[in-house]
Amino acid sequence: MSNQDYLDTEEFGRISFDFRGYLFKILNLWKLVLLSISTALLIAYFINVRKQNIYKLNSLISVENDQNPFFTANTSISFNWGGVSGKVGKIITAIKTRTHNEKVVDSLQFYMQYLVNGKYRKEDVYKNVPFDFQIDKSKPQVLSYPVGIRFLDNNEFEVFTEFEGAKRSAQKYDNKSINSISVQTGVFTKKYKNGELIDLPFLNGRLVLKTSSQVKTGSEFFIQFSNFDGIVNSYKNKIIIGAFSKSASSVLQLQLAGTNKAKIVDYLNATSAILSKSELEKKNLYATNTIRFIDSSLATVNLNLIDVTDEMNKFRKQNKVFNVTDEISQVSNQLRAYDLTKEQEQLKLNYLDNLETYLKTKTDYTEIAAPTSVGIEESNILSSVSKIIALASERQNLEYTTKESSALFKELDKQIDSEKNVLLEVIKSTKKTLGIQLSTINRSIVNLEAKLIDLPEDQQQFLKIQRKLDISQEAYNIYTAKRSEAAIVKAANISDISVIDEAKDIGGGRIGPNKSLNYMMALMLGFFIPMFLIFMLFLLDNTIHGSDEIEQLSKIPILGLIGKYNYKNNLIVFEKSKSAVAESFRSIRSSLQFLYKKLENNQGKTLMITSSVSGEGKTFCSINIATVYALSGKKTILLGLDLRKPKIFGDFNIDNDKGVVNYLIGESDFEEVKYVTHIENLDVVPSGPIPPNPSELLMSDQMKILIDQLRKDYDMIVLDTPPLGLVTDALELTQYADATIFMVRLDYTKKGMLALVNAKYRAGEVKNISFVLNFYKHKTNHNYGYGYGYGYGYGYGVYGNAYHEKDKKSIWKRIKKVFNRA
């Protein structure tokens, strides 16, 4: 059979991933996997018990276009926001604004927390404390530090703290300013009576027990204040609003998550209430501006009416009452009518002048009064004013949620400017019309006054005063009616936002933490992390761990297996002949006989024992194989040909002063370097002093002469050679070897070394080579087919350090060794 029959180079180097070996590695490290899973589950348990429950609650609100029941064509003191769809978008925007959330937080005082000591943290006990703390908003409250309240009895308590630094941040909640305050370091306590004013640098207000509340003596609570802006920002980001369903787009759902359900309920309901109130204020904005405008005008008219009344009374005192003819009375009535019409038209003209100036000089267009307040019914003016106010209000809402540079602002400003330009043109046109009407009225007045020119002067004076009095009284009546109209509209307005389903704690609502998911994640991580680590170790591990790996990597046969046996020296076969290790060497001897039977010569047989590197048990195997042959009656000699690292002499109590080296250089005769051991039929020739040229000595003719002579004198010649993978000495000796044993130490020999052996075997540099596995351990789940059930490795120690520097074992290698023994 050719060497190629034993070794397929195409197969070597293309070995697929060893799933079976990986599985066995996992099974061997099952303790690590179990420990990892247990640790992960334990961590998940502690996370679950320490995490606060998170709840999510919701409420429903409706956005409708509720029309004022008093709204008519003659009471146009309101404006449309753009329909229900436009309102929904504005409501969603409003709820996410900072202004709205500031109102909610301020109304609920959510910047103040009531806490008690819990098992793992201070727990929020909102609404579950027997007292209320009425804060003084004008004075500072310490931020982010729990101030303790300890009750001494139902009527007395003490405030206690323990500040570490002398400076703390504090906030005044009236103007939201934050300043640094000085506090007393160390333990601080001060007693107070129930309801007594607390005036401290870090706490200001009154603590008032709730009605019929009882407190346990010694019970402790904590009050903690938070930054107002931070709390507002937190709720602004957490509150969620959206359409409840596609079919009911005007119904919105508010959602909020948190750790305290009572707080969530109050925040959602307060949000709805404040939102409804704010929207009603916006809806009343037009009427409110109109009432304000009418009130200012009414004050002026009232003063004028008082002056004219006083003038009339004064005139009556100074002159007797005149009786005028019916004709004169009729003319006077006509003049009064024209004066009233003139006054009304003049009011419209004044309003338009003021509106034009306002539009040109102001940027906030939400303060415009209703044109109907002065009797302007021009549809274009009413429509334009309504649109401008709506757009201005929309821009104000947008300022809280959008950057000024946003394109939305540009679009709104463009719409406002466009509508404003249209309104200015309409105002200009309307003013011209009013001017013409006033000119006509003035001409009519002049014509009628000409008819009264022939009357006595006192009668003319009386009629003028009477006309002014009638005009003032009529103007007063008109403004009073308009104000009443606006007040009715405002009072009758209802909010377009109504609560369909308010937030309520009815149990449940918990959304986190997902304890089952945490345990599942822990189980997965606890399993897959060690799987990954084992996988990486398996991939990076290039050492040989079992006979099956050798069968995959090489076609060279395995001659035998050697297990571990802790003993004081290497003479196990001689001194412990009944041990399993001794039996394994006898088995190797029997297997060698099949190799030697194929040899034609009848002279002594040679056996070369080598390995890839030092430390694989080559010397140990050489000594015990030589011993097992000697004990079987074969005349045996053990040659120490590892000239670089002499080793075999120590176990036979001989020195290494003379040996093979001395013979090869002609310094001594063979009999002088040969030692008869205390083991029958076994002679030993040590290496001798380390030469400067070991390879040249082993290649010398003297070596060939020595081997030829030994074949004649001995039945078995065992050659203990240097490692094949480190130096070339062993290759020089293969010419003398009838059989070669290559030692493989499991968990130590590198897989790459088998490639070296395969190459040399394929090239014919070594012949009749077989593997002997050292440090073998029989496992039911691995390396099946071989093994004898004895220990793992043997106790002769490390081979030595002649060919490479010995690395100290790292901690990781020690840990790895422990797991490999699992």
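Guide: Happy to! Searching the whole structure gives 23 salt bridges, each being a side-chain nitrogen of Lys or Arg within 4 Å of a carboxyl oxygen of Asp or Glu. This is a predicted model, where local features need pLDDT of at least 70, side-chain atom pairs count only at pLDDT 80 or more, and totals for chains, interfaces and linings use all residues. Residues are numbered from 1 along each chain as its sequence is written, and side-chain values use heavy atoms, with hydrogens and water left out.

Visitor: Which residue does Asp124 form a salt bridge with?
Guide: Its partner is Lys263, with the closest N and O atoms 3.0 Å apart. The two are 139 residues apart, Asp124 in strand β3 (residues 122–124) and Lys263 in helix α7 (residues 261–283). Helices (H or I, at least four residues) and strands (E, at least two) are DSSP runs, numbered from the N terminus.

Visitor: Is Lys263 buried or exposed, and why?
Guide: Lys263 counts as buried because its relative accessibility is 7%. Buried means under 20% relative accessible area, exposed over 50%, partly exposed in between (1.4 Å probe, protein chains only). Asp124, at 18%, counts as buried too.

Visitor: New topic: what does Arg150 form a salt bridge with?
Guide: That would be Glu158, the closest N and O atoms lying 2.3 Å apart. Arg150 is partly exposed at 21% relative accessibility, while Glu158 is buried at 10%.

Visitor: And which residues are linked in a network?
Guide: Salt bridges connect Asp353, Glu356, Lys360 and Lys431 in a network.
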